[in-house]
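Welcome! Please take a moment to look at the sequence and the 3D view before reading on.

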Amino acid sequence: MSSAAGPDPSEAPEERRFLSTAEAAALERELLEDYRFGRQQLVELCGHASAVAVTKAFPLPALSRKQRTVLVVCGPEQNGAVGLVCARHLRVFEYEPTIFYPTRSLDLLHRDLTTQCEKMDIPFLSYLPTEVQLINEAYGLVVDAVLGPGVEPREVGGPCTRALATLKLLSIPLVSLDIPSGWDAETGSDSEDGLRPDVLVSLAAPKRCAGRFSGRHHFVAGRFVPDDVLRKFALRLPGYTGTDCVAAL
Amino acid sequence: MSGLRALLGLGLLVAGSRLQRITTQTSACRSGPTWWGPQRQNSGVRWNSEVMASTAVKYLSQEEAQAVDQELFNEYQFSVDQLMELAGLSCATAIAKAYPPTSMSRSPPTVLVICGPGNNGGDGLVCARHLKLFGYQPTIYYPKRPNKPLFTALVTQCQKMDIPFLGEMPSEPMVIDELYELVVDAIFGFSFKGDVREPFHSILSVLKGLTVPIASIDIPSGAGTQEVGWGRLGPYPPDFCPQV
């Protein structure tokens, strides 16, 4: 999908709150190339912050044993890697994650993140029931880490596509990382027909389609963007307080 | 360096014997609730024993700490980058909880981060970057830099965020006390063995003379992990020791 022609003219330069897909990619490139961040660092910070966001939306003391069980559905690209990190930190935070990661990336980052989860005894499902009621009954909430901005649904393979179809019918809470999987990252189209998450966790900065999000909580998570980069992209994010890596929008 | 604790989020240990010094320091600053609450003001010693009894955390020997690290790298396939990032972030968080910006005199509060030649130094670089994001004004002194991509990248990240690197370390404790409200010691970690070479020997001597609080990453630099005491350099009092 081609990106929008430029910044939305109705938004003053100082008040842009969303990134287009192209800008998000450019911001990431700047961090990786100019700031020499490693992809692993950024994925770790995003995954950790996503887990913290989950704890804010669904604090542990308020949850029953069953409600602490979390199904994390991971795609084969970066969004999936963030999901793997998120699952690991949820485990550390004493939730009980289970991962469904049907289409596995061969790259080293994904493989290592998978090993870390396996070694922490986080179960990996070999298949996901298509009967959504089984998921509603087995888990307290679901984390969607299938598709990030700029990844076409058709790129991720059958099992992920089928999983998304099942998740559309979910009645337990759904948390989407970065963008609701399957939404067009620019326009948010398919937001009627697609996933309807209760919680959206925008990574580093909200993407354009977040404007169409109408669920319960919208967080920005991943506090690592230097001020100069924020200025360069004319981004205005809500203030993080104290040492928080998550801010509510 | 980072160990299982960074992952288990077990939190931090305050070097209890020095709590009274923290009291002295912060009484001069703007008041504000600190994370351990008002008991601290009354008696550092009493609070210390209560905390120690309730937290019941195991202290690791040097061998155990190294074994934990090895397991994380070899079995769990963590990378040094990952663990260092988590370690530095946790330390910055701990420091910000112990010395919140609102409790410091300057705005933004000035912090000197002294980074040693190994992984503890790397933790310090990550810590400095997150302290900047948390609203502090860190300055780094990093005299001996390993020629490895991990460390050069961490330095670049700090430089690009306008965190200054000192060309030399002030040799008078009073000068440091004047310029900085807090010092972070990221010189040596738990795998340190042998003699302390320059320039770190001199640096540690200077730190001994400071009145501003010192936060040591993992262990107070130069302290023997095997001994109850403070190792071959004699006691150098860290006020706060977030143990990773």
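## About the model

This is a predicted model, in which local features need pLDDT of at least 70 and side-chain atom pairs count only at pLDDT 80 or more, while totals for chains, interfaces and linings use all residues. Residues are numbered from 1 along each chain as its sequence is written, chains are lettered from A and ligands numbered from 1 in the order in which they are written, and side-chain values use heavy atoms, with hydrogens and water left out.

## Chain B at a glance

Let us begin with chain B, which has 10 helices and four strands. Helices here are DSSP runs of H or I with at least four residues, strands are runs of E with at least two, and both are numbered from the N terminus. Along the sequence of chain B, the order is α-α-α-α-α-α-β-α-β-α-α-β-α-β.

Chain B has 244 residues, and 56% of them are buried. Buried means under 20% relative accessible area, exposed means over 50%, and partly exposed lies in between (1.4 Å probe, protein chains only). A contact means heavy atoms within 4.5 Å. Among the contacts in chain B with a separation of 6 or more, 82% are between residues 24 or more positions apart.

## Where the chains meet

The interface of chain A and chain B has one salt bridge, in which the side chains of E75(B) and K119(A) meet at 2.9 Å, N to O. A salt bridge is a side-chain nitrogen of Lys or Arg within 4 Å of a carboxyl oxygen of Asp or Glu.

## The nonpolar cores

A nonpolar core is a set of buried Ala, Val, Leu, Ile, Met, Phe, Trp, Tyr and Cys residues joined through side-chain atoms within 4.5 Å. Which residues touch the most other members of the largest nonpolar core? They are I99(A), V175(A) and I140(B), in a core of 102 residues. Helix 2 of chain A gives the largest share of this core, 10 residues.

Leaving aside neighbours within four places in sequence, I99(A) is in contact with several residues, including V72(A), L84(A) and F124(A). Another core, of 20 residues, lies apart from the largest one, and L128(A) and L170(A) are among its members.

## Two buried residues

T98(A) sits in strand 2 (residues 96-100) of chain A. With 10% relative accessibility, T98(A) counts as buried. Not counting residues up to four places away in sequence, T98(A) touches V70(A), L71(A), V72(A), I122(A), P123(A), L125(A) and Y139(A).

S20(A) belongs to the segment before helix 1 (21-34) of chain A. S20(A) is buried too, at 7% relative accessibility. Beyond its neighbours within four places in sequence, S20(A) is in contact with E186(A) and R208(A).

## Salt bridges

Side chains of opposite charge can pair when their charged atoms come close. Over all chains, the count comes to 11 salt bridges. One of them joins R65(A) and E96(A), whose closest N and O atoms are 2.7 Å apart. R65(A) lies in the loop between helix 2 and strand 1 (69-74) of chain A and E96(A) in strand 2, so the pair ties together parts that are 31 residues apart in sequence. R65(A) is exposed at 59% relative accessibility, whereas E96(A) is partly exposed at 27%.

Another salt bridge has the side chains of R231(A) and D228(A) meeting at 2.6 Å, N to O. These two residues are separated by about one helical turn because they are three residues apart in helix 7 (residues 227-232) of chain A. R231(A) is exposed, with a relative accessible area of 58%, and D228(A) is partly exposed, with 32%.
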